[in-house]
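User: Hey, can you walk me through this one? I'd like to go over the contacts and the surface.

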Amino acid sequence: MKKRCTAIVLAAGGGRRMNSTVAKQFMLLGGKPLIWYSLQAVEQSEIIDDCILVTGRNLFIM
């Protein structure tokens, strides 16, 4: 039986140290929010079976 592999993606930052009103996970890099790159890597991984997305209390992602 194959063991399952779970990724934990931390996306709870607020961007305050970057002096931004936009949470850092939603700041754009190459036209895409930073969180997209982490989630894309998890999605494309052949070894990751599950993903836990950890967000801040006031963050709602659909």
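What follows is a chat about the structure shown above.

User: Before we start, what should I keep in mind about the model and the numbering?

Analyst: This is a predicted model, where local features need pLDDT of at least 70, side-chain atom pairs count only at pLDDT 80 or more, and totals for chains, interfaces and linings use all residues. Residues are numbered from 1 along each chain as its sequence is written, and side-chain values use heavy atoms, with hydrogens and water left out.

User: OK, core first. Which residues make up the largest nonpolar core?

Analyst: That would be A7, V9, A11, I35 and V42. A nonpolar core here is a set of buried Ala, Val, Leu, Ile, Met, Phe, Trp, Tyr and Cys residues joined through side-chain atoms within 4.5 Å. Buried means under 20% relative accessible area, exposed is over 50%, and partly exposed is in between (1.4 Å probe, protein chains only).

User: And which elements give two or more residues to this core?

Analyst: Strand 1 and helix 1 (34–44). Strand 1 gives the most, with three residues. Helices (H or I, at least four residues) and strands (E, at least two) are DSSP runs, numbered from the N terminus.

User: Is I8 buried or exposed?

Analyst: I8, which is in strand 1, counts as exposed because its relative accessibility is 57%. As background, nonpolar side chains tend to be buried together in soluble globular proteins.

User: How many salt bridges are there?

Analyst: Two, taking a salt bridge as a side-chain nitrogen of Lys or Arg within 4 Å of a carboxyl oxygen of Asp or Glu. K2 pairs with D49, the closest N and O atoms being 2.8 Å apart. That pair links distant parts of the chain, with K2 in the segment before strand 1 and D49 in the loop between helix 1 and strand 4, 47 residues apart.

User: What does R4 pair with?

Analyst: R4 meets D50 in a salt bridge at 3.0 Å, N to O. Here too distant parts of the chain are linked: R4 is in the segment before strand 1, D50 is in strand 4, and they are 46 residues apart. R4 is exposed at 59% relative accessible area, while D50 counts as partly exposed at 31%.

User: New topic, aromatics. How many pairs turn up?

Analyst: One, in a search of the whole structure. W36 and Y37 have ring centres 5.1 Å apart and planes at 90°, so the pair is edge-to-face. Rings of Phe, Tyr and Trp (its six-membered ring) pair if their centres lie within 6.5 Å; planes under 30 degrees apart count as stacked, over 60 as edge-to-face, and the rest as tilted.

User: What sits over the ring of W36?

Analyst: The charged end of K32, 4.3 Å from the ring centre. The cut-offs are NZ of Lys or CZ of Arg within 6 Å of the ring centre and within 35 degrees of the ring normal.

User: Last one. What's the phi of N19?

Analyst: Positive, about 50°, although N19 is not a glycine. Most residues other than glycine have a negative phi. N19 is in the loop between strand 1 and strand 2 (28–29), and is exposed, with a relative accessible area of 74%.
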